[in-house]
Amino acid sequence: MQDASILFQYFTSITEKQRDQFSQLGSLYQDWNEKINVISRKDIDNIYINHVLHSLGIAKVMIFNKGAQVMDVGTGGGFPGIPLAILFPEAEFHLVDSIGKKITVVKEVAASLGLKNVTADQIRAEQVKNKYDFVVSRAVTRMKEFYGWVDNKIKPKSTHSLDNGILYLKGGDLDEELNELKRPYSLYELPNYFKEEYFETKKVVYMPVH
């Protein structure tokens, strides 16, 4: 299995506590994955590049402020929410998924790492009552459908460098899919930030909501 050192090449100003938390992620997910399969078996050895570093691609686009409220929709085992919560301990992260056993893993991993800024619920995004500065996700569905789930979950007042909206991790050629919505968007190519082959076609899609 890879270790967390790959992360520290790209995020050089993190604290000793954050280094320790990131270093624990691999073994925590390995243990939990044997009980509840949240990462494909062949992928668990690549957890630090394919899951943790990929999640942190969002952090190359957006530095979340102290007190920022972020919802991770379709979090699965906790991606991108858990790595982002480690990196931004003063922001609040709400991780949601419709599958209960995945939320069990999220809660256990967050507790093991001592993450006080993570809440996790088994709920569909459409049923969430709160509003957030940003909604993040890793390619759970086409953007048009996703936008319909979350467009009314975004606070109108922005306090970040980008206006409040969606930060979506996705790969491949996205122009056709994104143009279905007829809304402005920006693409951030992850190979501009990370040199690993895995990121060759990977992007962060940013879509303001208001």
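User: Why are Glu177 and Lys170 called buried?

Analyst: A residue counts as buried under 20% relative accessible area, as exposed over 50%, and as partly exposed in between (1.4 Å probe, protein chains only). Glu177 and Lys170 both fall in the buried class. The model is predicted: local features need pLDDT of at least 70 and side-chain atom pairs count only at pLDDT 80 or more, whereas totals for chains, interfaces and linings use all residues. Residues are numbered from 1 along each chain as its sequence is written, and side-chain values use heavy atoms, with hydrogens and water left out.

User: What makes the pair Glu177 and Lys170 a salt bridge?

Analyst: The rule asks for a side-chain nitrogen of Lys or Arg within 4 Å of a carboxyl oxygen of Asp or Glu. The closest N and O atoms of Glu177 and Lys170 are 2.6 Å apart, so the pair meets the 4 Å limit.

User: How many salt bridges does this rule give?

Analyst: The count is five. One of them joins the side chains of Lys155 and Asp133, at 3.8 Å from N to O. This pair links distant parts of the chain, 22 residues apart: Lys155 lies in the loop between α6 (143-150) and β5 (165-171), and Asp133 in the loop between β3 (118-122) and β4 (134-138). Helices (H or I, at least four residues) and strands (E, at least two) are DSSP runs, numbered from the N terminus.

User: Which classes, buried or exposed, apply to Lys195 and Glu196?

Analyst: The side chains of Lys195 and Glu196 meet in a salt bridge of 3.8 Å, N to O. Lys195 has 64% relative accessibility and counts as exposed, whereas Glu196, at 13%, counts as buried.

User: What makes α3 mostly covered?

Analyst: In α3, 10 of its 10 residues are buried. Among them is His51, which counts as buried because its relative accessibility is 9%. Contact means heavy atoms within 4.5 Å; His51 touches Ile39, Asp43, Asn46, Phe79 and Arg138, not counting residues up to four places away in sequence. The buried residues of α3 pack against α1 (5-10), α2, α4 (81-87), β4, β5 and β7 (202-208).

User: Why are α2 and α3 called oblique to each other?

Analyst: Axes are lines fitted to C-alpha atoms, for helices over the stretch in contact, and angles run from 0 to 180 degrees between N-to-C directions. Angles under 35 degrees count as roughly parallel, over 145 as roughly antiparallel, 65 to 115 as roughly perpendicular, and the rest as oblique. The axes of α2 (residues 16-35) and α3 (residues 47-56) come within 11 Å and cross at roughly 130°, and the two helices are therefore oblique.

User: Which residues of α2 and α3 meet?

Analyst: Phe22, Ser23, Gln24, Leu25, Gly26 and Tyr29 in α2 meet Ile47, Tyr48, Val52 and Leu56 in α3. These residues divide into seven nonpolar, three polar and no charged. Ala, Val, Leu, Ile, Met, Phe, Trp, Tyr, Cys and Pro count as nonpolar, Asp, Glu, Lys and Arg as charged, and the others, Gly among them, as polar.
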